[in-house]
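Hi everyone, thanks for coming.

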Amino acid sequence: MSRHMLLLPLLMSLNAGFVDTAGYLALQGLFTAHVTGNFVTFGAAMVLGTSGALAKLLALPVFCLVVISTRLFSFFLPAIGLPIFRSMLALKVLLLAIGAVCAVRFGPFVQGDSWQAICTGMILVAAMAIQNAAHRIHMGTEPPSTLMTGTTAQIMIDVADVLRGAPVPVLTVAKPRLGKMAANVTVFALGCAAGAVLYAKLGTWCFVIPPLVALPAIFLAAAEPK
């Protein structure tokens, strides 16, 4: 695999951690990348009476619809001479930029169920849905860029195999995977930390950063086939 394609999943993980954390802080507990987590926060909002329940409820169907639409739309791109993967990433950058404009224009969001907060949140959810779809379709052998639970479990399994001195065929697979997945989780965590710190410092202006971070990914994927 080329150096560019090794860097691409790390860049996507960094961005996912940033967007998810900043979105959670800015949008009253809305997960924009890890949308199934919104089931938990939706339940908490219903019990505690906090705002943002509607946005959390909408996140999963919006995510699903965007993934379906992205997949269907991708089949029309080659007919007009556009590469599928790069086009997906470009659309993600566009949505992140629109989300940033909305966040700066309408934020801070005191009420998570205001139309401004819901609009901003769903745009960011849509951007992360496209990233998830692009990753699954074009980078299926790479660790997930938005959900780290399964990745962390696999890391611990590989660590156990290294510690027990597993047979050579097992370690031949486990050691490279361990390094790749550990890097992925570390970069995601750094994105989370950056999202939290920069939201504390800049408020909703921090959402200007994700589209800038995501932009190089379009060029890193430039050599991929249509």
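**The nonpolar core**

Let's start inside: the largest nonpolar core has 50 residues, and Leu8, Leu27, Phe85, Leu89, Leu96, Met122 and Phe207 touch the most other members. By nonpolar core I mean a set of buried Ala, Val, Leu, Ile, Met, Phe, Trp, Tyr and Cys residues joined through side-chain atoms within 4.5 Å. At least two residues of this core come from each of α1 (3-26), α3, α4, α5 (115-138) and α8 (209-220). The biggest giver is α5, with 12 residues. The helices here are DSSP runs of H or I, at least four residues, numbered from the N terminus.

A quick word on where this comes from: this is a predicted model, where local features need pLDDT of at least 70 and side-chain atom pairs count only at pLDDT 80 or more, while totals for chains, interfaces and linings use all residues. Residues are numbered from 1 along each chain as its sequence is written, and side-chain values use heavy atoms, with hydrogens and water left out.

Back to Leu89. Not counting residues up to four places away in sequence, Leu89 touches Met12, Ala134, Ala217, Ile218 and Ala221, where contact means heavy atoms within 4.5 Å.

Now, how do α4 and α5 run relative to each other? Their axes come within 9 Å and cross at roughly 160°; axes are lines fitted to C-alpha atoms, for helices over the stretch in contact, with angles from 0 to 180 degrees between N-to-C directions. That makes α4 roughly antiparallel to α5, a label used for angles over 145 degrees.

Staying with α5, Thr120 lies in that helix. Is Thr120 buried or exposed? Thr120 counts as buried because its relative accessibility is 1%; buried means under 20% relative accessible area and exposed over 50%, with partly exposed in between, using a 1.4 Å probe and protein chains only. Beyond its neighbours within four places in sequence, Thr120 is in contact with Gly99, Cys102, Ala103, Phe106 and Phe109.

That brings us to the cysteines. With a disulfide taken as a pair of cysteine sulfur atoms within 2.5 Å, the count comes to 0. For Cys102, the nearest cysteine sulfur belongs to Cys119, 4.7 Å away. Cys102 is buried too, at 11% relative accessible area. For Cys192, the nearest cysteine sulfur is that of Cys206, 13 Å away.

Finally, a contrast: Ala79 sits in the loop between α3 (53-74) and α4 (84-106). Ala79 counts as exposed because its relative accessibility is 71%.

Notes
Parallel < 35°, antiparallel > 145°, perpendicular 65-115°, else oblique.
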